[in-house]
Amino acid sequence: MVSFNRVVLAGNLTRDPELRSTQEGVPVANFSIAVNRVRSKREAVDFFNVSCWRELGERVANYMKKGDPIVVEGHLQYRTWQTPDGTKRSTVEVVANQVQFLSRSGDPQQQPEAPAFVNEAPAETPGAGGWGLAAKQQAVASENG
């Protein structure tokens, strides 16, 4: 059976990205975007929560703010958890592996201090060894051989 989980969204940030770190010190930025959807003569807006890990998250948090246009590429992730009062909660969010910063006109920004296209996400999710572990293993392999 073939599985495919990829999403591409273009919209505007609804709030400033929030940068935090996990207990292991891995940075993650969370934000949401509004995406306009044209329905015949009417427009509707969809809102999506997005998370960006490691360097990608740091760059988004450093260069983007509420209202800025952005293109996000990644995959959907379903999470469940239990609140302290015992209520079960769930959410579907976009885990970004690429972002493109856009100017207000919709064109990629050409400012050297703000990279227009960022592709820094890990190939694996943070809980499964993640990008840092793979980089360490690659460094050790190149030293040994």
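Rings of Phe, Tyr and Trp (its six-membered ring) count as a pair if their centres lie within 6.5 Å. The legends below use this criterion for a predicted model.

**Figure 1. The aromatic pair of Tyr-63 and Phe-101.** One aromatic pair is found in a search of the whole structure. The ring centres of Tyr-63 and Phe-101 are 6.4 Å apart and the ring planes meet at 50°, so the pair is classed as tilted. Tyr-63 belongs to helix H1 (residues 54-63) and Phe-101 to strand S6 (residues 88-101), so the pair ties together parts that are 38 residues apart in sequence. Phe-101 is buried, with a relative accessible area of 0%, whereas Tyr-63 is partly exposed, at 37%.

**Figure 2. Overall fold of the predicted protein.** The protein has two helices and seven strands, in the order β-β-β-β-α-β-β-β-α along the sequence. Of its 145 residues, 35% are buried. Among contacts with a separation of 6 or more, 53% are between residues 24 or more positions apart. The accessible surface is about 9600 Å², and carbon and sulfur atoms contribute 48% of this area.

**Figure 3. The hairpin of strands S2 and S3.** Strand S2 (residues 18-21) and strand S3 (residues 27-39) run antiparallel and are joined by four bridges. Arg-20 has Val-28 in S3 as its bridge partner. Five residues lie between the two strands of the hairpin, and in this turn Gly-25 has a positive phi of about 90°.

Figure 4. His-75 is partly exposed, with a relative accessible area of 23%. Leaving aside residues up to four places away in sequence, His-75 touches Asn-5, Val-7, Glu-93, Val-94 and Val-95. Val-50 is 25 residues from His-75 in sequence, and the C-alpha atoms of these two residues are 9.8 Å apart.

**Figure 5. The salt bridge between Glu-93 and Arg-79.** The closest N and O atoms of this pair are 3.2 Å apart. Glu-93 is buried, at 11% relative accessible area, while Arg-79 is partly exposed, at 34%. Glu-93 is also among the residues that His-75 touches.

**Figure 6. Salt bridges of Arg-37 with Asp-46 and of Asp-68 with Lys-65.** The structure holds four salt bridges, including the two in this view. Between Arg-37 and Asp-46, the closest N and O atoms are 2.7 Å apart. Arg-37 is partly exposed, with a relative accessible area of 33%, and Asp-46 is partly exposed as well, at 23%. In the pair of Asp-68 and Lys-65, the closest N and O atoms are 3.4 Å apart. Asp-68 is buried, at 7% relative accessibility, whereas Lys-65 is partly exposed, at 46%.

**Figure 7. A nonpolar surface patch containing Tyr-78.** Leu-76, Tyr-78 and Val-92 form the patch and together have about 310 Å² of accessible area. Tyr-78 lies in strand S5 (residues 69-82) and has a relative accessibility of 57%, so Tyr-78 counts as exposed. In a regular strand, side chains alternate between the two faces of the sheet.

Conventions:
Residues numbered from 1 in each chain as written. Predicted model: local features only at pLDDT ≥ 70, side-chain atom pairs only at ≥ 80, totals over all residues. Heavy atoms only, no water. Buried < 20%, exposed > 50% of the residue type's maximum accessible area, 1.4 Å probe, protein only. Contact = heavy atoms within 4.5 Å. Areas by Shrake-Rupley, 256 points an atom, 1.4 Å probe, with all protein chains shown as cover. Phe/Tyr/Trp six-rings, centres within 6.5 Å; stacked < 30°, edge-to-face > 60°. Patch = residues over 30% accessible without salt bridge, like charges linked within 9 Å, V, L, I, M, F, W, Y side chains within 5 Å. Salt bridge = Lys/Arg side-chain N within 4 Å of Asp/Glu carboxyl O. Pairing = 2+ DSSP bridges.
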